[in-house]
Amino acid sequence: MNKTKRCFVFDDGINQNWMEAEPPTVRQAVLKDYRLGFCGNMVTLVPCKGRMVEGLICKLSLEKEEAMDWGKGYPGGLYEKQEVIVKGKDNTGYRVMVYVPDRIASMHHALPSAEYFGRMVEGYCQHGFQTKELFESLKDTERDMMKLEAKLRGAMVKKKNIER
């Protein structure tokens with residue numbers, strides 16, 4: 001019996017030029033109340049009321065899932081698997097699996113390379129998705145980095161004051 005699983009693709013794998021070995025696309029979908037967060041050339045899902053992440057629901061065979069697990073270093077690597085519910089264009093809910101960076105990796109906010117981000121923009125355009133949320137998520141990551149930097153600077157100043 002050939003079991004399949006649904007996977008929600010929202011990273012650079014959404015680009016058709018990079019999908020040739022990827023599983024067949026079933027439909028477009030939206031994950032509501034989340035935004036993208038960048039960890040360099042990895043992207044994660046960040047809870048964010050009122051925002052959304054567009055992506056593709058793909059079918060994975062057990063063999064393809066095992067290959068993707070290996071490629072993502074799962075288990076024990078930088079990625080975890082989670083289940084989320086996305087909505088298709090017909091507003092039907094679908095339970096899907098997503099790969100997201102683990103908690104440690106996802107705390108390392110970093111801007112993606114121009115090449116990685118460009119593949120995502122191209123993929124979004126290929127599927128008729130709006131790129132506004134994608135660029136907004138890039139700005140959010142930059143803000144997250146600035147907040148973290150300010151927090152670290154504050155901790156360093158506090159430590160210097162204690163050492164005196």
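Me: Why does phenylalanine 10 count as buried?

Reply: In this predicted model, phenylalanine 10 has a relative accessibility of 3%, and because buried means under 20% relative accessible area, phenylalanine 10 counts as buried.

Me: What makes phenylalanine 8 and phenylalanine 10 an aromatic pair, and why is the pair called tilted?

Reply: Their rings lie 6.0 Å centre to centre, and since rings pair if their centres lie within 6.5 Å, phenylalanine 8 and phenylalanine 10 form an aromatic pair. The angle between the planes is 35°, and because planes under 30 degrees apart count as stacked and over 60 as edge-to-face, with the rest tilted, the pair is tilted. Phenylalanine 8 is buried as well, because its relative accessible area of 2% falls under 20%.

Me: Why is the pair of phenylalanine 117 and phenylalanine 135 called edge-to-face?

Reply: The centres are 5.1 Å apart and the planes make an angle of 80°; because an angle over 60 degrees counts as edge-to-face, that is the name this pair receives. Phenylalanine 117 lies in helix H3 and phenylalanine 135 in helix H4, so the pair ties together parts that are 18 residues apart in sequence. Together with Phe38, the residues Phe117 and Phe135 form one aromatic cluster.

Me: Are phenylalanine 117 and phenylalanine 135 buried or partly exposed, and how do you know?

Reply: Phenylalanine 117 has a relative accessible area of 9%, and because buried means under 20%, phenylalanine 117 is buried.

Me: Which residues touch the most other members of the largest nonpolar core, and which element gives the largest share?

Reply: That core has 35 residues, of which Phe8, Phe10, Leu36 and Val86 touch the most other members. The elements giving two or more residues to this core include strand E1 (4-9), strand E3 (43-61) and helix H3 (114-126), and the largest share, seven residues, comes from E3. Leaving aside neighbours within four places in sequence, the contacts of phenylalanine 8 include Leu31, Val53, Val86 and Val98.

Notes. Residues numbered from 1 in each chain as written. Predicted model: local features only at pLDDT ≥ 70, side-chain atom pairs only at ≥ 80, totals over all residues. Heavy atoms only, no water. Core = buried A, V, L, I, M, F, W, Y, C linked by side-chain atoms within 4.5 Å. Buried < 20%, exposed > 50% of the residue type's maximum accessible area, 1.4 Å probe, protein only. Helix = DSSP H or I, 4+ residues; strand = E, 2+ residues; numbered from the N terminus. Contact = heavy atoms within 4.5 Å.
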